[in-house]
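Morning, everyone. Let me put the model up, and then we go through it.

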Amino acid sequence: MGYRFTSARILIILIGIIALILAFYYGQLDYAKTYLTRFVREELAGYPA
Amino acid sequence: MSSEEIKKKRRSYKIMILRHITQLASFILIFGGLIGYAATSIILPIRTGVSNPYLTVADAWSVMELMLVAAMIPLVAISVITLGSILFGRTFCGWVCPFGFINDLVGYLGKRKRISPRYSEGLWKFALFIAGVLVFVDISIFYNELAGNSIKSYFGDFRDSPSTFLDPASTLFGLIFWYFYHDKWPTNFVDYFYLPAAFYWRMFFLILVIVGMLYTPRFYCKTLCPLGAVMGLGGRHAFLHLYLEKGLCEECKVCEYSCPMDVPILSFLDVGHIRHPQCIMCLNCVDACPKKAIKVVFR
């Protein structure tokens, strides 16, 4: 495993952890539930009006 | 090598059976509303869309897109995709994803033709290109929404979720489900010609993908899935991956012939670590290898 490989790994992990921390800080961790508990018309292109 | 020769050389089917049981259990739990489970806040790197009312977990790509189009930074989806891919590669594709399970099941009915492994990385790059275009469209909408200059009208019926233009999973689990649930199917033959235009395209694309699945295993996963392609980016550096022992390998190619994603496994003979962006960790090769030369490692 070279420097490029290790650097890419560290970068991806850092992006993931920072995104997770910020998601927690901005209260996004429960956001998915807002889609799963309503009629998501946005994804239903082709559904009759 | 003929399928008969592969079957003779293949060591076992145990992991394959375990994987399909896991996929079935995941399918039941993911659509757990059917058995009384409530929706959770869990986001997984799978393809189901978010419009099915029985879903208990959300599709990371759909959440990412819906949040971008609503001018929000999808931090939670980004964290799931990056951490999921760097830790486990595309294991969710192989063991959890409901649409991947559908791919496997339909694939067993079909011809199961191999695509030459030398095209494997090219197909991944094509899927990555599609992912890039979709992300570009989403970010363009995001930016313009923030600037107060909505460009959504340019995308017609797909304005709120452009990815659904190329998303057979949300068509199958969302659109078709709701047509049945609300009894929207026309009763007269003539009325079939008056459905929204987007419906015809989405159904055509779904049928095209199903025909592709009948031709080659995991057709959608290896050629079109944007989430899988992005997970493959992290998967090239994943902790969980396969290792090929050069001393044990007799280069019989049973592993390559067993691989549904057409990964050129033997090209990793000198390197050892198999970190290919198309590898979904299905472990068909581990099962198949008569010399047990392929192992699962986490490092």
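First, a term: helices (H or I, at least four residues) and strands (E, at least two) are DSSP runs, numbered from the N terminus. With that, take Ala71(B), which lies in the loop between α3 and α4 of chain B. Ala71(B) is not a glycine, yet its phi is positive, about 60°.

Ground rules. This is a predicted model: local features need pLDDT of at least 70, side-chain atom pairs count only at pLDDT 80 or more, and totals for chains, interfaces and linings use all residues. Residues are numbered from 1 along each chain as its sequence is written, chains are lettered from A in the order in which they are written, and side-chain values use heavy atoms, with hydrogens and water left out.

Now the interface. Chain B puts 48 residues into the contact and chain A 32, where contact means heavy atoms within 4.5 Å. About 3,400 Å² is buried between the two chains, 70% of it on carbon and sulfur atoms. Buried area is the accessible area (1.4 Å probe) that two parts lose on being put together, summed over both. On chain B, Ser41(B), Leu75(B) and His237(B) lose the most area to chain A, together 17% of what that side buries.

On the side of chain B that touches chain A, α3 (60-69), α4 (75-88), α8 (168-181) and α9 (197-215) each supply at least two residues. The largest share, seven residues, comes from α4(B).
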